[in-house]
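Please open the structure in a viewer and keep the selection panel at hand.

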Amino acid sequence: MCGIVGIVGKENATDILVQGLEKLEYRGYDSAGIFVTGVNEQDHLVKSLGRIADLRARIGQEVQGTVGIGHTRWATHGKPSERNAHPHTAGDHQFILVHNGVIENFEEIKQEFLQGEQLAGETDTEIVVHLIAHFSKEAPNTKEAFKKALAVIKGSYAFALINKNDPETIYVAKNKSPLLIGLGEEFNVICSDAMAMLSQTNRFVEIADGELVTVKADKIEIEDETGTIVCRDSYEAQLDLSDIEKGTYPYYMLKEIDDQPAVMRRIILEYTDQVGRTTIDQTIIEKITESDRVYVVACGTSYHAGWVGKTIIEKVAGIPVEVHLSSEFSYNMPLLSDNPFFIFLSQSGETADSRQVLVQINDLGFPSLTLTNVPGSTLSREAMYTLLLHAGPEIAVASTKAYTAQIAVLAVLAKAIGDKKASPVSKAFDVAHELSVIASVMETIIDDKITISQLVEDYLAVTRNAFYIGRGTDYYVSMEAALKLKEISYIQAEGFAAGELKHGTIALIEEGTPVFGVITDEKTAAHTRGNLKEVESRGAHNFVISLASLAKETDQVILPDVHPLLTSLVSIVPTQLIAYFATLQRGYDVDKPRNLAKSVTVE
Ligand code: F6R
């Protein structure tokens with residue numbers, strides 16, 4: 001989703017801003033822009049629809065400045081266009097603003113304060129910069145005008161504002177949307193994601209909701225809502241620039257699929273000791289053990305991981321688990337048990353739908369744990385406890401290693417709770433050993449990706465739609481496999497409970513429709529094979545992914561056996577590769593699918 005970068009310094013900032021925007025490309029965007037000033041009293045506003053490469057092509061030698069802000073926009077209010085791209089300006093181009101988030105009362109603001117004002121586009125952001133210009137007529141300085149505007153605005157935002165008559169300062173403020181200050185020698189930067197500015201600094205300062213920060217080259221000043229100056233320590237980002245480069249890989253997604261065995265091994269190291277005991281903080285485990293029901297709340301791929309996690313936790317730890325979509329939960333809260341415990345699954349830790357639920361849960365006083373890949377992310381800071389996924393940065397929009405990391409961490413968590421409750425299933429579940437087996441099996445599948453690439457040509461070269469089917473955990477994997485396929489290859493794909501197809505959806509099966517069956521559970525294998533026969537006799541082109549002990553010679557992908565509770569960690573890998581190769585073969589950008597954003601910071 002939208003990204004923000006900014007810098008106040010002494011050197012030319014143009015390239016730093018554009019490079020920062022390039023680092024944010026993975027989040028998804030449709031237009032971009034920069035504003036720079038501070039050299040020879042010249043200022044430059046450059047915007048472009050499309051990729052950062054298009055923006056770069058428009059930036060001439062003369063576009064120089066020591067102070068600047070940049071933005072990648074993922075359209076919400078107003079279609080993707082150059083007019084709607086940020087930065088936006090007002091007050092005869094005196095005020096320049098970039099914004100992430102959504103202003104809920106922009107129509108009311110327009111009616112009340114900006115009647116007759118000429119607007120260039122349709123964005124909510126443009127209303128805000130005009131509002132600041134409006135208040136600047138009576139306010140003593142930019143900061144006070146900005147404060148007056150912030151007092152009127154309702155919604156989520158991260159703002160960066162420049163007054164070009166005072167070109168040595170960037171003013172920033174946030175509410176619900178992420179924004180960080182990065183500290184440098186004779187410069188300071190701002191960014192919505194530390195990755196954008198890692199090439200400049202790895203020391204960052206967090207900003208809390210409601211604070212306003214004045215950023216200059218040699219100092220920053222944080223003010224809270226009451227106007228009190230806040231002192232806050234900086235922290236070192238635990239990120240390495242090499243973690244966010246794709247090296248020799250053609251796409252981040254392939255690199256991230258290949259990373260999965262290493263991620264499994266890292267999770268073993270992080271969360272178990274040398275004799276295989278779990279090392280998760282016991283206060284978390286006690287809190288969960290005290291609860292009568294666990295509610296897993298998540299979106300998209302993380303939601304699918306939640307379903308697999310439910311099975312593992314229920315079987316190993318014996319606690320009932322419900323899995324909910326964040327976007328539904330917040331408006332339609334189910335009847336809760338007396339003593340609930342909430343687990344938020346979120347790769348980014350910034351998903352607005354999930355955060356909305358966390359705010360409600362915190363208001364109700366219920367305990368919560370966030371499993372996230374991003375330390376210091378909003379969901380991590382606002383939940384009672386955090387467990388990190390340790391998957392390393394996930395850049396490709398299509399989530400792969402975060403999904404398997406979520407399941408692996410949930411498995412360790414289930415083991416820790418089960419051990420605490422002296423569950424016999426848990427006693428027999430050597431999670432560290434089983435995850436190390438998983439890592440080796442993942443490697444075997446990944447090493448043979450050429451076979452999958454060839455099969456994909458046979459099955460998916462021309463089709464418009466496809467189905468994944470399975471039962472139990474294989475159904476949950478099917479949902480995730482279908483999401484992966486549709487989000488990057490644009491093949492209309494559905495993940496179905498194998499037994500449910502005949503209750504309606506089987507009507508869509510026609511000659512040649514690819515149907516992928518996932519078979520890793522001996523209790524359901526025969527039934528799923530029966531369902532595959534049903535679709536085959538109606539013309540389906542069947543593709544079977546099965547465990548060796550359940551396989552038939554004709555199955556297309558046969559996976560080495562693993563622990564029955566962890567089969568999803570291996571059956572998902574060929575489906576990730578299927579999505580990857582189908583997308584490559586169709587000539588689409590694997591890492592940047594249309595319309596999608598990596599971190600979905602609007603509800
Ligand atoms: C799909 C994908 C999304 C995310 C969803 C939640 O590949 O990545 O479905 O899983 O937007 O994001 P997080 O996990 O960051 O909360």
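The model is predicted: local features need pLDDT of at least 70, side-chain atom pairs count only at pLDDT 80 or more, and totals for chains, interfaces and linings use all residues. Residues are numbered from 1 along each chain as its sequence is written, and side-chain values use heavy atoms, with hydrogens and water left out.

Begin with the open sheet of 5 strands, whose order is S17-S16-S18-S19-S20 with parallel pairing. Strands (E, at least two residues) and helices (H or I, at least four) are DSSP runs numbered from the N terminus; two strands pair if DSSP finds at least two bridges between them. Strand S17 (321-325) and strand S20 (385-388) are at the edges with a single partner strand each, so one side of each has no neighbour in the sheet.

Next, select residues 340-346, strand S18, and residues 368-372, strand S19: 5 bridges join these parallel strands. Within this pair, Ser-346 has Thr-372 of S19 as its bridge partner.

Axes are lines fitted to C-alpha atoms, for helices over the stretch in contact, and angles run from 0 to 180 degrees between N-to-C directions. Helix H10 (residues 352-364) lies across S16, S18 and S19, at about 155° to S18.

Finally, select Thr-370 in strand S19. Is Thr-370 buried or exposed? Thr-370 counts as buried because its relative accessibility is 0%; buried means under 20% relative accessible area, exposed over 50%, and partly exposed in between (1.4 Å probe, protein chains only). Leaving aside residues up to four places away in sequence, Thr-370 touches residues including Phe-344, Leu-379 and Tyr-385, where contact means heavy atoms within 4.5 Å.
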